[in-house]
Amino acid sequence: MIKVEKVSKIYRTQENELIPAVERVNFEVKENEFVTLVGPSGCGKSSLLKLVSGLIPVTDGTIHVREQLVQEPFPDVGFVFQHPVLLPWRTVLGNVLFSIEMLGKKEEEFADQARDLIKLTGLAGFENKYPRELSGGMQQRVAICRALIHDPSLLLMDEPFGALDAMTREEMSFELLRIWEERRKTILFVTHSIPEAILLADRVVVMTPRPGKIERIFEITLPRPRVYEMEFNEDFKTLNSEIRSLIFSSRKEAS
Amino acid sequence: MSWEALYLIFQIPQFVIPAPSGILAETWEWRYRLVGHTWVTLYETLGGFALSVGIGTPLAVMLVYNPTLRNALYPLLVIAQSIPKVAIAPILLLVMGAGEVSKIVVAFLVAFFPIVVDTATGLAGTPSELIDLSRSYRASQFKTFIKVRFPMALPFFFSGLKVAITLAVIGAVVGEFVGSDKGLGYVIVSATSYWKANLAFGAIIILSILAIVLFEIIVVIEKIVCPWYGSEQTH
């Protein structure tokens, strides 16, 4: 589904400095696979998402999505960001249909699907509420609906639960898995939480910073559906500490 | 009340600072002519304000969308803003004559800067995520502007309008001070030169009421246009 080959990205600052964000990154994501990218801040995780979606061009290397070379943004993708960034003048339903409107499609034709999604994400009854009337977790659910309404095959999530409190965050992780079971998508999910990365993913891509490189890719064989208790499982703990030491050892080298 | 009481106690001469009773009486006496003068100042103010919105808003859009233009124009705008308008008002009157047009232009010059700055700040502050989202849906720049960026910037736009309307009143009066034969500014100047302090104060009070009413009208429009910011309203 996604094929990233020898991709490098170098930013040029206003002072003409060159800042390497990611360097010679290779990985693949299969159809309907849930892949998490984990690493400390500054390792180019978010850049990688933008590269895959075509929002920023690669400096070197190639990215293919569904055999198509990515050269510009394409609409077969749903975005969820760290902050919900909803439109305050639109209702929940209006915000979900925002994607449809920007895609130039008829909103009326998607109203029923929007209502289904709102129900699926546990927001039934809130269709006509405004964002300011919702909690942070609920706003993020709306953002997830907005990313799914046009039924994209690829879902890109950039630390989507990073701004939520710990309890809501955990709840949302399982919610996302439940939604994903119902609406299978290929998901590329960026996080800096190692337990979150393991709990959600089929595979965890571990990145190290400056410049962002892929350190290792872990297959997660924990059975699905995932449950909270798995965090106490021995396999989980081993993976957790392995990934942690991988990230921290690279940090020491860097300093 | 206390103002009135001070006169009885200290016997302040009425031609220096008049008592409220005197102001009211004289203003009432002049009411028909004051209505005409108020009307003149009002339409000079609104004319200058309309020009500020009509020119300031597109200018702000251009500044945000075109970095080259921004780098070229912004310093000029700041320089233009730092020239005291009171100082150039006489020159403007010389060029454009003593009619209403010169007052409208002074009001415009005083009022347009906050509209440009506030609108530009609002437009530049669109969350980058929403711009990324719109780009990934391949929505045009124009559509993104209409559907996302401008509505997002509306609270900033309105705060610019609120500052601009009060400045436009000042601009119109400054223009009238410099040279005119109508308007509340003219009333103040001519009344003081004839020692009619009561009337001058009456004109000042009408002017203040005018500014407050215009400001509140914008507040009401803001609440109608963007009710979602209603709870955060501060003024």
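Author: A disulfide is a pair of cysteine sulfur atoms within 2.5 Å. By this rule the count over all chains is 0. The model is predicted: local features need pLDDT of at least 70 and side-chain atom pairs pLDDT 80 or more, while totals for chains, interfaces and linings use all residues. Residues are numbered from 1 along each chain as its sequence is written, chains are lettered from A in the order in which they are written, and side-chain values use heavy atoms, without hydrogens and water.

Reader: Why is C145(A) called buried, and what puts C226(B) in its class?

Author: Buried means under 20% relative accessible area, exposed over 50%, and partly exposed in between (1.4 Å probe, protein chains only). C145(A) has 0%, so it is buried. C226(B) has 2% and is therefore buried by that limit.

Reader: What makes E175(A) and R178(A) a salt bridge?

Author: The rule asks for a side-chain nitrogen of Lys or Arg within 4 Å of a carboxyl oxygen of Asp or Glu. The closest N and O atoms of E175(A) and R178(A) are 3.0 Å apart, so the pair meets the limit. Both residues sit in helix α6 of chain A (residues 166-182), 3 residues from each other, which separates them by about one helical turn. Helices here are DSSP runs (H or I, at least four residues), strands likewise (E, at least two), numbered from the N terminus. E175(A), at 16% relative accessibility, is buried, whereas R178(A), at 33%, is partly exposed. This pair belongs to a network of salt bridges that links R141(A), E171(A), E175(A) and R178(A).

Reader: How do you know that K182(B) and E100(B) form a salt bridge?

Author: Their closest N and O atoms are 3.2 Å apart, so they fall within the 4 Å limit. K182(B) lies in the loop between α8 (141-178) and α9 (184-193) of chain B, and E100(B) in helix α6 (residues 100-124) of chain B, so the pair ties together parts 82 residues apart in sequence. K182(B) also meets D181(B) in a salt bridge, at 3.9 Å from N to O. At 34% relative accessible area K182(B) is partly exposed, while D181(B), at 54%, is exposed. Over all chains the search finds 18 salt bridges.

Reader: How many residues of chain A and chain B are in contact, and what is the area buried between them?

Author: Contact means heavy atoms within 4.5 Å, and by that rule 24 residues of chain A touch 21 residues of chain B. Buried area is the accessible area (1.4 Å probe) that two parts lose on being put together, summed over both. For chain A and chain B this area is about 2,200 Å², and carbon and sulfur atoms give 66% of it. L55(A), W89(A) and M102(A) supply 31% of the area that chain A buries against chain B, more than any other three residues.

Reader: What links chain A and chain B by charge or by polar contact?

Author: Across the interface the rule finds 3 salt bridges. K147(B) forms a salt bridge with E101(A), with the closest N and O atoms 2.7 Å apart. Polar contacts (N or O atoms within 3.5 Å; within protein, one able to donate a hydrogen and the other to accept it, and residues adjacent in sequence counting only if both atoms are side-chain atoms) join 6 residue pairs across the interface, both residues at pLDDT 80 or more. On the side of chain A that touches chain B, β6 (77-80) and α3 (98-102) each supply at least two residues. The largest share, 4 residues, comes from α3(A). By class, that side has 15 nonpolar, 4 polar and 5 charged residues. Ala, Val, Leu, Ile, Met, Phe, Trp, Tyr, Cys and Pro count as nonpolar, Asp, Glu, Lys and Arg as charged, and the others, Gly among them, as polar.

Reader: Is D132(B) buried or exposed, and which residues does D132(B) contact?

Author: At 9% relative accessibility D132(B) is under the 20% limit and therefore buried. D132(B) is found in helix α7 of chain B (residues 128-136). Leaving aside neighbours within four places in sequence, D132(B) is in contact with K50(A) and L55(A).

Reader: What makes K162(B) and E222(B) a polar contact?

Author: The contact between their side chains is 3.1 Å, so it lies within 3.5 Å. K162(B) is found in helix α8 of chain B and is buried, at 9% relative accessible area.

Reader: How many helices and strands does chain B have?

Author: Chain B has 10 helices and 0 strands. Buried residues make up 45% of its 235 residues. Its C-alpha atoms fill a box of roughly 75 × 45 × 30 Å along the principal axes. Among contacts in chain B between residues at least 6 apart in sequence, 73% join residues at least 24 apart.
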